[in-house]
Amino acid sequence: MGCDRNCGLITGAVIGAVLAVFGGILMPVGDMLIQKTIKKEVVLEEGTIAFKNWVKTGTEIYRQFWIFDVQNPQEVMMNSSNIQVKQRGPYTYRVRFLAKENITQDPKDNTVSFLQPNGAIFEPSLSVGTEADNFTVLNLAVAYNNTADGVYKVFNGKDSISKVAIIDTYKGKRNLSYWESYCDMINGTDAASFPPFVEKSQVLQFFSSDICRSIYAVFESDVNLKGIPVYRFVLPSKAFASPVQNPDNHCFCTEKIISKNCTSYGVLDISKCKEGKPVYISLPHFLYASPDVSETIDGLNPNEEEHRTYLDIEPITGFTLQFAKRLQVNLLVKPSNKIQVLKRLKRNYIVPILWLNETGTIGDEKAKMFRSQVTGKINLLGLIEMILLSVGVVMFVAFMISYCACRSKTIK
């Protein structure tokens with residue numbers, strides 16, 4: 001009888017040990033299977049999940065505009081007073097609903113090229129007015145429709161998944177011809193996705209044709225997006241700092257007067273990118289800008305929650321599932337004897353014209369599909385691994401303790 005009981009206890013301990021070992025083995029094997037599946041599905045080629053969503057996004061993307069309405073134009077022209085502005089908006093358009101065009105795979109260098117057509121549909125229900133409002137210094141849809149961005153040429157990831165979606169060339173070039181040194185380089189992706197297995201320690205680089213430069217985002221926090229764990233990456237203030245604060249930005253300072261010998265920060269002169277027009281880009285309401293930039297403008301209220309840019313990245317696939325891209329368009333206005341309304345000006349102004357908020361969030365159906373096909377399976381596998389390991393260890397320890405206790409009683 002004692003032998004049968006001891007044998008049973010040893011058998012239980014062995015089964016526990018086997019379960020624990022199997023659970024331990026399943027961890028690296030499971031991770032390997034996940035990586036293999038992800039590496040297959042994020043390649044930009046016909047038949048993959050990534051390609052289907054890349055050609056035409058299933059996410060509804062909206063671009064909202066707020067117009068800065070100048071309240072005291074006569075005072076400014078006559079007395080060089082501070083410009084008083086009041087933002088009016090939003091005026092909302094649905095954008096990026098058109099599929100990529102001229103998609104061409106190049107097996108020689110494992111790239112795929114494409115053209116991204118632009119389109120804008122005005123959304124009256126999400127707007128405060130109509131496109132016929134007086135200050136539409138912008139018929140925004142007309143300015144945006146029937147245009148295209150590109151040609152882009154990006155790596156498809158077939159030879160190296162670590163390069164998938166990274167831009168090889170833009171309009172046939174690897175440089176922009178707007179900036180000096182490395183500032184002129186086209187780096188990273190277009191921010192719609194990144195190579196898979198994103199780490200919190202990474203600096204995510206991406207190129208934006210809207211601001212005529214490459215820029216980057218850093219990890220801020222973990223976010224739960226419709227049941228999907230994502231990493232929130234944000235554009236740091238350091239990206240907009242002066243060369244004095246951040247020497248890496250020295251090649252973005254292209255003149256010495258307006259920038260006060262490259263000590264001002266938070267605005268970017270993109271006139272070379274805009275056919276010489278005096279256009280400056282910033283974050284809305286001059287967020288992260290130096291005080292001298294906004295000292296001539298009254299009525300601005302910058303705050304991070306409304307005015308910063310962020311990307312919510314699903315780290316395993318590298319897909320951007322939610323984002324908010326915010327930027328402000330400004331014009332440099334200077335005294336000029338040749339222009340009547342500017343003759344009496346005694347100082348320079350960087351005048352905010354409008355700011356935009358482009359947002360997109362994965363839809364409920366897409367989120368459900370993503371949970372079932374990606375995060376759900378990964379979580380289930382992780383749960384099975386932990387159950388096997390935990391149950392196995394508990395069984396092994398419990399049966400071994402019982403066995404030792406029985407042996408001790410038998411000896412006595």
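Modeller: Let us begin with burial: a residue is called buried under 20% relative accessible area, exposed over 50%, and partly exposed in between, with a 1.4 Å probe and protein chains only. Before applying that, note that this is a predicted model, in which local features need pLDDT of at least 70 and side-chain atom pairs count only at pLDDT 80 or more, whereas totals for chains, interfaces and linings use all residues. Residues are numbered from 1 along each chain as its sequence is written, and side-chain values use heavy atoms, with hydrogens and water left out.

Colleague: Is histidine 285 buried or exposed?

Modeller: Histidine 285 is buried, because its relative accessible area is 6%. Its phi is near 55 degrees, a positive value in a residue other than glycine. Histidine 285 belongs to the loop between β12 and α5, where helices (H or I, at least four residues) and strands (E, at least two) are DSSP runs numbered from the N terminus.

Colleague: Where does the pair of cysteine 183 and cysteine 251 lie?

Modeller: Cysteine 183 is in the loop between β7 (167–170) and β8 (203–208), while cysteine 251 is in the loop between β10 (228–234) and β11 (267–269), so that the link connects distant parts of the chain, 68 residues apart. Their sulfur atoms are 2.0 Å apart, and with 70 degrees about the S-S bond the link is right-handed. Cysteine 183 is buried at a relative accessible area of 4%, and cysteine 251 is buried at 4%.

Colleague: Why is the disulfide of cysteine 212 and cysteine 273 called left-handed?

Modeller: It is left-handed because the torsion about its S-S bond is about -70 degrees. Cysteine 212 lies in the loop between β8 and β9 (213–225) and cysteine 273 in the loop between β11 and β12 (279–282), so this pair ties together parts that are 61 residues apart in sequence. Cysteine 212 is buried with a relative accessible area of 2%, and cysteine 273 is buried with 18%.

Colleague: What is the torsion in the disulfide of cysteine 253 and cysteine 262?

Modeller: The torsion about that S-S bond is about -90 degrees, so this disulfide is left-handed. The sulfur atoms of cysteine 253 and cysteine 262 are 2.0 Å apart, and cysteine 262 counts as buried at 9% relative accessibility.

Colleague: Turning to the peptide bonds, which residues does a cis bond join with omega of about 10 degrees?

Modeller: That cis peptide bond joins glycine 89 and proline 90, and proline 90 lies in strand β2 (residues 83–95). A cis peptide bond with omega of about 15 degrees joins glycine 150 and valine 151, and valine 151 is found in strand β6 (residues 148–155).

Note on methods. A disulfide is a pair of cysteine sulfur atoms within 2.5 Å.
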